[in-house]
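Hello,

Here is the structure you asked for, with the sequence. My notes follow below it.

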Amino acid sequence: MAKRLMDSPMSRYFYPWPICLVSMIGAEGKPNIITIGASSICSSNPPVVGVAIGQAQYSLGLITETGDFGVNLPSADQMQQADVCGTRSGQTVDKFAACGFTIQPASQIRAPLIEECPVSMECELIQNVPLGNHEWVMGKIVAVHVDEDVLAEDGGLDTARINPLLGLWAEYWSIGEKIGEWHYTRR
Ligand SMILES: Cc1cc2nc3c(=O)[nH]c(=O)nc-3n(C[C@H](O)[C@H](O)[C@H](O)COP(=O)(O)O)c2cc1C
């Protein structure tokens, strides 16, 4: 295999990115949404999710003010709304209204959730770690809401029905086919 040493930006060579719609409300009670490509589960016990938010982003200040946020996972059908939330600022645009999204009140946090997204997590801010031009914003997942239509008969997620929206650098993708199950080589 002949491998080439690539030029910057090096972050483009990590993929795929699950596209998240992070929802929040500032101290003044203004709901907002930011599209996030850079995210990951960081711990399963306690359950912690991290999202990378640019230091200059309006949304970052809102999350820091209230100390919580929602992580909503859009389906591939919601690509347009994801793009709108990632190309307009909540400083000037009401993104819930612009996307036709409904505010779903959370059960344990102040931030609103997005009713139309198949999966929504309620997160309490644990820590922000400044890393260059982005901060790694970590939240403990304290509640998860899942659309019954994407649940399988055993109560777990039916991946095909979720149809998650993915990012591969500057492109949107939908998921391909299941090709196996974790740990199958040990069974
Ligand atoms: C597909 C996509 C992925 C994005 N990923 C990130 C990201 O990981 N971190 C970030 O800070 N901004 C990301 N952005 C940019 C923000 O979503 C965008 O700057 C947004 O308008 C900021 O909203 P705000 O001003 O209301 O905070 C992404 C945008 C798109 C379209």
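Helices and strands here are DSSP runs, a helix having at least four residues and a strand at least two, and they are numbered from the N terminus. The model is predicted.

Just after α1, Gly 67 has a positive phi of about 80 degrees. Within α1, the buried residues include Ser 59, Leu 60, Leu 62 and Ile 63. Viewed down the helix axis, the buried residues of α1 fall within an arc of 165 degrees, so they line one face of the helix. They pack against β2 (20-25), β3, β5, β6 (68-73), β9 and β10.

Two of those strands pair with β10. Strand β9 (residues 119-131) runs antiparallel to β10, with 12 bridges between them; Leu 125 has Gly 139 in β10 as its bridge partner. β9 and β10 form a hairpin with two residues between them, and Gly 132 in the turn has a positive phi of about 65 degrees. β5 also pairs with β10 (residues 134-146) in the antiparallel sense, over seven bridges. There, Ile 53 is bridged to Glu 135 of β10.

Now the ligand. It is surrounded by 21 residues, and the closest are Gly 54, Ser 59, Gly 86, Ser 89 and Gly 90. The elements that give two or more residues to this shell are β3 (31-36), β5 (47-54) and α1 (58-66). The largest share, four residues, comes from β3. By class, the shell has 12 polar, seven nonpolar and two charged residues.

Regards

Key:
Residues numbered from 1 in each chain as written. Predicted model: local features only at pLDDT ≥ 70, side-chain atom pairs only at ≥ 80, totals over all residues. Near = placed C-beta within 6 Å. Nonpolar A, V, L, I, M, F, W, Y, C, P; charged D, E, K, R; others polar. Pairing = 2+ DSSP bridges. Buried ≥ 20, exposed ≤ 12 C-beta atoms within 10 Å, placed from the backbone. Arc of directions from axis to C-beta. Contact = placed C-beta atoms within 7 Å.
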